[in-house]
Amino acid sequence: GAVVSQHPSWVICKSGTSVKIECRSLDFQATTMFWYRQFPKQSLMLMATSNEGSKATYEQGVEKDKFLINHASLTLSTLTVTSAHPEDSSFYICSARDPTSGNTDTQYFGPGTRLTVL
Amino acid sequence: GENVEQHPSTLSVQEGDSAVIKCTYSDSASNYFPWYKQELGKRPQLIIDIRSNVGEKKDQRIAVTLNKTAKHFSLHITETQPEDSAVYFCAATIKAAGNKLTFGGGTRVLVKP
């Protein structure tokens with residue numbers, strides 16, 4: 001089945017620094033990937049849709065200058081949290097659809113990245 | 001945009017009993033409804049899904065029903081086992097809107113041995 005990986009699995013950084021999170025589709029090509037944020041004991045909230053070769057589409061209320069998304073290839077999307085602050089601490093999860101599978105609606109999730117900002 | 005409500009937020013059942021989780025959605029254009037299971041600190045895993053042209057789907061102990069008229073869908077787990085303990089999320093998506101998933105608030109299921 002479709003496999004999505006993320007790196008790193010966890011990261012601790014100081015307030016004011018930037019952190020980059022990678023999302024890769026390992027056995028398929030994804031023109032679209034999605035980035036979610038999940039706070040403890042809460043649901044997944046879509047942050048943005050990452051489009052290969054073009055600008056990401058951000059959900060209402062998500063600062064595009066703070067959460068930079070780059071989808072430079074068909075297997076890699078990156079999320080950079082710029083000038084991170086403690087309130088950015090969260091579980092960040094990406095997902096992708098496999099357009100060649102029998103179920104093109106299904107989103108496969110990465111394992112998530114736990115970000116802690118001190 | 002789409003809004004998905006999920007109930008209950010917590011559910012405690014005795015091993016062997018059934019568990020039912022219900023979701024409602026707001027946008028009648030929604031056409032795909034997946035259910036995900038998430039264990040603590042792990043990724044959401046798809047357990048079953050249903051499309052708007054189907055009323056019911058079953059996979060072993062798990063079944064999902066969809067009522068398009070009422071705009072609600074439900075997850076049924078029969079013969080629950082301790083390993084079914086997790087958080088379950090329903091979601092809805094509109095293909096024409098880029099397949100963006102809107103998640104329900106989640107249900108924490110505890111199966112007591």
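Reader: In this predicted model, which handedness does the link of C23(A) and C94(A) have?

Author: The sulfur atoms of C23(A) and C94(A) lie 2.0 Å apart, and the two residues form a disulfide. With 85 degrees about the S-S bond, this link is right-handed.

Reader: Where in chain A do C23(A) and C94(A) lie, and how many residues apart are they?

Author: The pair links distant parts of the chain, with C23(A) in strand β3 (residues 19-25) of chain A and C94(A) in strand β9 of chain A. C23(A) and C94(A) are both buried, and their separation in the chain is 71 residues.

Reader: What is the handedness of the disulfide of C23(B) and C90(B)?

Author: A disulfide with an S to S distance of 2.0 Å joins C23(B) to C90(B). The torsion about the S-S bond of C23(B) and C90(B) is about -100 degrees, so this disulfide is left-handed.

Reader: Is C90(B) buried or exposed?

Author: Residues count as buried under 20% relative accessible area. C90(B) has a relative accessibility of 0%, and therefore it is buried.

Reader: Which residue has a side chain in polar contact with the side chain of H71(A)?

Author: H71(A) is found in strand β7 (residues 67-73) of chain A, where it is buried, with a relative accessible area of 4%. A polar atom of its side chain lies 3.2 Å from the backbone oxygen of S73(A). Side chain to side chain, H71(A) has a polar contact of 2.8 Å with S50(A).

Conventions: Residues numbered from 1 in each chain as written. Chains lettered and ligands numbered in written order. Predicted model: local features only at pLDDT ≥ 70, side-chain atom pairs only at ≥ 80, totals over all residues. Heavy atoms only, no water. Helix = DSSP H or I, 4+ residues; strand = E, 2+ residues; numbered from the N terminus. Buried < 20%, exposed > 50% of the residue type's maximum accessible area, 1.4 Å probe, protein only. Polar contact = N/O pair within 3.5 Å; in protein donor to acceptor, adjacent residues only side chain to side chain. Disulfide = S-S within 2.5 Å.
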